[in-house]
Each structure stands twice: as structure tokens, then as C-alpha cells.
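User: I have a model open and would like to go through its main features with you. Could you take my questions as they come?

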Amino acid sequence: MSYLELLKFAAPDAVVTLTALVVLVIGVATSRATGVAGVSAAIPQKGTVGTATTTRFCALAAAFGILIAIGAVLLLPDRGTIAGGMLVISPLNSLFQIICLVLAFFTVLLAAREMPNYGEYLAILLFATIGLLLLVSSEELLMIFIGLELTGLSLYLMTAFDKTDSRSAEAGLKYFLFGSTASAFTLFGLSLIYGVSGTTSLAAIAQRLQEQGLSPLLFAGIAMTIVGFAFKIAAAPFHLWAPDTYQGAPVSSAAFIASGSKVASFLVLGKIVLIGFNPVHGSADWHAMVIGWSPLLAVLAAFSILIGNFVALVQTNLRRLLGYSAVAHAGYTLLGILAGGREGFAATLFYTTIYAFTLVGSFGVVALVRRETGGDGVKNFAGLYARSPLLAGCMAIFMLSLAGLPPLAGFFGKFYLFSTAFRAGANHGLLWLVALALFGSLISLYYYLVVLKVIFQTPAAETHPIPLFARNAPPRITILLAALLVLFLGIMPQFLVERIIVALP
Amino acid sequence: MIAWTIYITFAGAALLLFLPRHFARWIALMTTAATLIISLAAFCCRDLDLAHFTSIVRVPWVPNLGMNYHLAVDGISLALVLVTSITALSSVLFSWDVDERPNEFFFWLLLVVGGSFGVFLSADLFLLFVFYELIIVPKYFLIAIWGSTNKEYGAMKLTLYSFFGGALVFIGIIAAYVTAGSLDLNDLGQFYFSAQLQSWAFPVLFLGFAILAGIWPFHTWAPTGHVAAPTAGSMLLAGIVMKLGGYGGLRVAMNLFPQGFQLWSRCMAILAVIGIVYAAAVALRQRDLKFVIGYSSVSHMGFVLLGLAAANALSVSGAVLQMFSHGVIGALLFAVAGRMIYRRTHTRDLEQLSLLELNRALPFAAFVFVIASAASMGIPGFSGFAAEITILIGTWKTYPLAVWMTGAGMVLVAAFTLRALKRSFFESGQVVGGSGGQLLDVGSKRVVTATTSTSVQATLASTERPIELEPITVAEKCGAGLLMLATITIGVYPKLLLDRIIPAVESMRFLKP
């Protein structure tokens, strides 16, 4: 394989890498030039933020680079493999590369002018995006681990990036400690699997496992791998980092962790268990549990649904509430993987995608409200309706979509997920999880409605309107686009469902 | 053509978001009037095949999963679309005085109405479920923002009950979908589900719908919800939303799972009778006029469930007629209690109302309330009588004992209705007193209420003349007139509806021979 061919196949990743370097250079160069000489970057001041034009230039470069990368993905050949599955080009991988890039684009817009050292922040964001691209397009354990680590390390930095806020540092530290422990587990699990099967390519592993069947050693390997991913998707009981990170991290980082990282993790988890571990599926049916990975995931899903929803009931900080609701949603989404097969995987991918867009939008609203009122507690949203009907309407769309009400995307997503889970297994064996998930949705409706009640009913402390486009337009564009997308995918789900089903092998 | 009721309603709702507030009520009025005209035109139109669930629109929606945008109509749907549009129009007329955020108010109101049209006309199970769930949140906002007594509690309770019912319906729906591989109601109506599936899927699905129809013991959302809701909200809840449950039970649960229905029909009948008698008995002890009407709704919906449980053509047709009838009567009762009385006197407490001599202060309201009460009690000549007698005759063949007990329940209905009527309108101080000593007692009570309560009553205490209340507006008269016209027309000539309902019912497959 020539380098030219390699470059052709890895063009999107290369474009994002180049963009990240360019943004980094611009950021560092201009902050040196405009910053007061001798001021250390460790002591952030208003002066070191750089001028408005610089930040705008950084954001423009990053956004532009991402758009080019999307174009590069579109230009990729239909199918192709590099180095035995290190990088695989397939319609599914391309589709999710695009989705991850779009999420990164939205995050760049959200992050506009949020913090000092803006160029560095964007560069790290782009590095995380490269990690996601690798993660999405690989079908090989080593590469998957590299993607996980690259994403993880960038996200730890992004979480701790707000040096003025001790919560951000706390969140970063927690995320890092939990994350690196989980990575260690994953790596150990992967090495055990390699030991048992003698290969790192998913398809080859499936073949070996078909011959060997389930041994205790292999089960330990599978369990440890799943622990790592459970951490990534914030499934209970590996969710402890999520509420703190969602609450403490800079808003755009939280949005990216909740959206891009989650989509890619679900895709890879689905690939690993549905392709690689397919022979040792086991069964999570209530009347016929068989050991394998599916009882494990079923227990994770059940815990996530219960813990996420019940703990979210008592939250007073909206970001923390979203964190616990993310745990619950991870539980719902796992139902599709448990259902297995093309249908189940498609349902999972659909749900995690729309969930990602919903969360990017809601974090956008949180960011604006935080800027206006100085906090992100639920009470800070009081009277948002009077101050900005459009923002309130968008927030209503996001919350109701999360609760799973029509005509929003969340409703269709849940219908799709639960109906595939219901179908799977002999004699509706997953009914217990479906019933649990419906019960969880019922609980969740309560806390989403409480947020909406505060927004629409409680009078505001301040009444001056939040201008819509006066200043700082990019985050608002993100919010509007996300809201329109959630509404559109709720009314015309065919648009995404068809693409996912066609792309699935 | 009748599909346009859905589109017009949602278009009106969308329009409300963009136009200034002065236009809000007019847009709502025009939208609902247009839907009424359309449904009346469809009602008079002779070309429609009302005996079968005839498709009118069918467009692929999510072909990968077998979902279609598929609307159909038969006599049952048509009758319920008609009552929806009548109730919707009158509820807009009775909300003419909404000044707080009118755009939003009518927006949510039209969403409830449009969603209900959608449920009644859907021929695709998923589409039906979309519309069914669509109305949950508008109800919440209508009550939580514009409601009165204990509104947040009532709104949340109503919403969670609805959503819980929706979750049960969801399980039933995916059970049918996954087994038969289709979502088309007509196809599913032909499909043979295994007896084992039917035996558990039917109760889940039916209970899910029946929660919204106020089945005992899951009826408790109804009184609190009705009381907390603004006038138009109670009218929609009683007039339309409770019908969605009855309709869903009939169209989906019973028609899809006839064997399961056979198995469980006795339980349904028992719950229905308990509901009728229990709710009537509870209504007899209420102090709040809206609570009385709220429990009367539960009691009347019990008749619907009883008619469905008896499962012969006559009783089921009676149940559909009762849905129509109660839609109109319930809306009328809530309109009087919520708009005509409560908005003017700021009280619904029967003890306080009995001191106000409302029959002299609001003669028109008294007139309407008498009509509505008579219709609600089942006096011949009103739709309530026609519907309930049809149900009872039909049920007699299957469950004679239930008819006897329901007869006792009807006495209770008459009792609480007359009590509410007398306390609220026709009780002057002299009548209560009888002897001099008690008259004095009543007088002192008046002074107490005057010091603690509103200024309206203060004027009352000082003069013996009927208190001055804002006169009944034209909008209220139109709304009340429309509803009274509907109940009397059907009461005098029920054949008008029954002719369209009975053939449709006869084509369903669960009927007992």
C-alpha cells in the first residue's frame, strides 16, 4: 500500500489533524502577540483571552476544517480496508464519521468565545474529534483502544479547561481517574481476548470464538472490555463521573462528551459485541438466562435506567439532571444492542444519534442561560419563556424529546428501540427490560416537566429579554438547528432510519 | 375531506405562534368553526361508506418499519369527530375571556383538539399512538398555567396517569405489531392472534386506554384534573379526552384481541358498574361544584365501559352514543360551573353558592344548568337518555344483574345532580331557613362569608337584592346554545347518529352472536 493510497483513505482524519495544528498555531501566536508580556498562561485574565477577531478566526478555521473533512468523507470510496481492519471504510462508518463531525461542528459553534486560550481549546476539541473518527472507522481492537485513549485524553483536558472554576478542575480529575481506571480494565480485557483468540481483528475473533465457545478466561476478558465501554457511555454503576463532569466542565466540553463521545462509543460497543463477540451472545431473557455478554449488558441497562431516573428526580442543577438522565438514556440505548441483529443495532444507532443532537442543543440553552443569569440551576431558568420565547420553545423541544413524546425524535427513537427489544429473544424474553424502560420513562417525564414548568410558569427574577441574534450568534444557530433537527427527525424519521439500515451490513 | 379537520387544526395552532395576541381568539374560533363545518359536511355526505373503516389517506411514512400515514373513517369515528369539533368550538367560545398569554393558550388547546381528531381518524396503530401521546403535554400546560385550584398537582397527576396509560398501550401495541408484523388496523383486525397472547395483551392494552376513560379504580386523575383545569380545559378533558380512552379500547383493544376480550369482559363489566355507582355516591358528598361534575363524568364514562363490556351491537352502539352525549353534556356542565359561575363569583363551594341566589343573578346560567342537569340525569328528550337506555337494553341480554345495579346508580346520579342544581342555583336564604331561628342563623353566616370572602359577597350581605354579576356574554350564549342544540337534537332524534354507528359496530369482529 502506497502512502498516497493511505492518504486517500485517511483523508478526513488528515484534514482534521491539519486543521487542529493550524488552529493551535493561530491561537498560540495571537495570544502571545496580544497578551501582556510576562503574564503566565496559568493565571488567566481577561486580557489574555485575545481579541475578538482572533477567536473568531480560530473558530472559523476550525469550522471550515470540519466542513472540508465532511466533504472528504463524502468523497471516500464506498468500501475499503487498510492494514487488516485498522481502518475500514464502509457506508456505516462514513455515516457516523459525518455525524461525529457534525457534532464537533456544533460544539465549535457552541464554544465560541467561551474561554481563554481559545485556540488551544479548539485544537484539543479537534484532536478529540480525530479520536472519534478513528474509533468509528476501525474494526480492530488495537486501533479501537488508540481511538478511545486519544478521545479520552483530549476530553479530560477539555473538562478541566476552565481554570477559573474549581468545579471544572474537580470534574476533570474525577473524569481522568475514573477514565484511566476504566481504560486499564479495557486494555486488560482486550489482552485476554487476544490471548484466547490470537487475533485483534473483530471478524477473526468472531470466527475463533465460534470454534472455541465460552471459557472463563474469555468471559473475564469480555466483562472487562464491557466495563471500559460502560464507563464511556456512562452506564451505572460506572456512571459516577458523569454528573460531576456534566456539571463542572465548560458547557461545550460537556456537550461534546455527552454527544460525540457517546455516539462513537455506542457504535464501537455495538460492533465489538455484535460482530466480535457474537458467538458468545448468551441470553438475557427472563425465563432463560444464559451466560454471555448479554446478561451483563442487561444488568447494566437495568441499573442505569433505575439509578439514572431516580437520582435525577431530586436534582436541582440542570446540568447534573442532564447527567443523570444521560445515565438513564444509556440504559435505554443498550436495549437495542441487547436485542441484537440489524434491527436492534439500527435502533441503537438511531437513538444515540438523536440523543446526541438533543443534548448538544440543551447544553447550548444551558450555556446561554448561564451567561445571562450566572448559574445553571433549574431555578435560573425561571421565566425563560418571558425573556426569550424561542429559547424556551427549543428547550421544550429538547426536554420533551428526551421524555419521549411525539412528534419529536425521542418518541420515535424509543418506539423503535423498545419494539425491537420486545421482538428479540424467544417468547418476548426482554419484556422485563422493556417494562422497566417504560417505567423509567414515566419517572423521567416528571423531572423534565418540572424543568418546563419552571421555564414556562414561574415568573422571572429579571424580565429584560435575552436578545436572539444581537451578539454571539453561533451558539443560537446551534440551538435552532438542533431543535429543528429533533423536530424533523420526529416527523420524518425515515430520513435517518433508511440511511442507517442501508448502511448496516 | 374529513382529514382536513386534522390539518386545519394544526395549521391554526402553528399560525397562533406567529401572529399577535389580538388575533389569537379569532384564529382559534375560525379554526374550530371550520372543523365543525367540515365534520358536519362529512356527516351529511352520503357517499362515505360508514359501515367499514374506509381509508381516506394512505402515504408511506417509515416504510422500513411498516408505518404508514393512514387515515380512515367509519360511523364511530365520524360521530366522535363531530363531538370533538362541537366541543372544541364551544370551548373556544367559553375561553373568550382568556387574557393571559392567549396565543399559547389557544395553541395548546388546538393541539389537544387536533391530536384527538388524529386519534379518531387513524387507521395505523403507530399513527394513532403518536396522536394519542401528542395530547399529553398540551393538557399539562393548559392546566398548569391557566388552571385554578391546586393546579400543579392536578396537572402533574393527570399527565403521569395519561403517560402511564400510554405506557401500557405501548406494550399492547408493540405486542400486536411484533406478532402480526403490521400496523394497519384493518389488517390487524383480520389477523388471528394466539389465545395466549390475547389473554395478556388485551387487559394491558384495554387498561391503558381505560385509564384515560376514567375506569375505576384508575379514575382519580379525572376529578382533580377537571377541577384544576381552566374551563376550556375541563370541557376538553370531559368532552374529548376521556372519549379517546373509550374509543381506543373499542377500536384497538377489543377489535384486535376478541378472544382476550371474551375472557376479560366480565371483569370489565364489574369495574364499570363499580365505577358508575361509586363515582355517583362520591359525587353526592362533594362540596365543590366542579368535583361533583368531575365524578359525574367518571360515572357516565362507566356507562360507556359497561356498554363495551356487554359486547352486542346495541350496547356498543349505545356506548358510542354515550361518548357523544357525554362529550356534549359534560362540556356544558363544566362550562356553566367554570365559566358562568366561577369566573363571576370566584367560588365553587356549594355552601357559598347557595347563599348567592344565582337563579336571580344569572337566569341564563340557571336555565343552561337545568338543561344540562336534566340531560345528565337521563331525562327523556335529551341525548343522555337515548344513550343510556340503549346501553341498558343491550346489556340486559348479557348482564342483567349489572343493569339492576346500574339502575340503582342512576338514582344516585339523579340525586347528586339535583342536589348540585338546588344548592348552586335554587336555594335562597328563606328556603334554607324555614323557621325564624334558622333564618337568623343563615343571616349570620352571610356576614361571616362577607368578612372572609370576596367583595362580591360583601355587596350581597349589605343588600337583599340579587348581587350584581357581570352579565352572560354573547360568546357564552353561543357556546351554550351550540351544546344544548346538540344534546336536544340527538335526544329527540338519536337515529341520526345510530344509523351511522350501528353498521360500523356490526362490522367489528368481537361481537357476541
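This is a predicted model: local features need pLDDT of at least 70, side-chain atom pairs count only at pLDDT 80 or more; totals for chains, interfaces and linings use all residues.

User: Where is B:Arg101 found in chain B?

Analyst: B:Arg101 sits in the loop between α3 (75-94) and α4 of chain B. Its phi is positive, about 45 degrees, although B:Arg101 is not a glycine.

User: Why point that out?

Analyst: Because most residues other than glycine have a negative phi.

User: What is the phi of B:His346?

Analyst: B:His346 also is not a glycine, and it has a positive phi of about 60 degrees. The loop that holds B:His346 runs between α14 (313-345) and α15 (350-353) of chain B.

User: Let us go to the strands of chain B. How many bridges join β1 and β2?

Analyst: Seven bridges join strand β1 (residues 54-62) of chain B to strand β2 (residues 67-73) of chain B, and the two run antiparallel.

User: Is β2(B) buried or exposed?

Analyst: Of the seven residues of β2(B), six are buried, so β2(B) is largely enclosed by the rest of the structure.

User: On to helix packing. At what angle do α4 and α6 of chain B pack?

Analyst: The angle between helix α4 (residues 102-121) of chain B and α6(B) is about 145 degrees, and their axes are 8 Å apart. The crossing in which α4(B) passes α6(B) is left-handed.

User: Which residues meet there?

Analyst: From α4(B) there are B:Phe105, B:Trp108, B:Leu109, B:Leu111 and B:Val112, which meet B:Pro138, B:Lys139, B:Phe141, B:Leu142 and B:Trp146 in α6(B). Sorted by class, this contact has nine nonpolar residues, no polar ones and one charged residue.

User: Now the two chains together. How many residues does each chain bring to the contact?

Analyst: Chain B brings 23 residues and chain A brings 24 residues. On the side of chain B that touches chain A, the elements giving two or more residues are β1, α5 (125-134), α6 (136-146) and α7 (151-180) of chain B.

User: Which of them gives the most?

Analyst: That is α7(B), with 11 residues on the side of chain B that touches chain A. By class, the residues on that side of chain B are 20 nonpolar, two polar and one charged.

User: And chain A as a whole: how many helices and strands are there?

Analyst: Chain A has 20 helices and four strands. Its radius of gyration is 22 Å, close to the 23 Å that the globule rule gives for 505 residues, so chain A is as compact as a globular protein of that length. Taken along the principal axes, the box filled by its C-alpha atoms is roughly 65 × 55 × 40 Å.

User: Which peptide bonds in chain A are cis?

Analyst: One joins A:Ala236 and A:Pro237, with omega about 0 degrees. A:Pro237 is placed in the loop between α9 (216-232) and α10 (241-248) of chain A. Another joins A:Pro406 and A:Pro407, again with omega about 0 degrees. A:Pro407 lies in the loop between α16 (389-403) and α17 (409-423) of chain A.

User: One last residue. Is A:Glu5 buried or exposed?

Analyst: A:Glu5 is exposed, as 11 other C-beta atoms lie within 10 Å. A:Glu5 belongs to helix α1 (residues 3-9) of chain A. From C-alpha to C-alpha, A:Glu5 and A:Ile82 are 9.4 Å apart in space, while they are 77 residues apart in sequence.

Key. Residues are numbered from 1 along each chain as its sequence is written. Chains are lettered from A and ligands numbered from 1 in the order in which they are written. The radius of gyration is taken over C-alpha atoms; the globule rule is 2.2 Å times the number of residues to the power 0.38. Two strands pair if DSSP finds at least two bridges between them. Two residues are in contact if their C-beta atoms, placed from the backbone, lie within 7 Å. Ala, Val, Leu, Ile, Met, Phe, Trp, Tyr, Cys and Pro count as nonpolar, Asp, Glu, Lys and Arg as charged, and the others, Gly among them, as polar. Axes are lines fitted to C-alpha atoms, for helices over the stretch in contact, and angles run from 0 to 180 degrees between N-to-C directions. A crossing is left-handed if the near helix is turned anticlockwise from the far one by less than a right angle, and right-handed if clockwise. A residue is buried if 20 or more other C-beta atoms lie within 10 Å of its own, exposed if 12 or fewer, and partly exposed in between; C-beta atoms are placed from the backbone.
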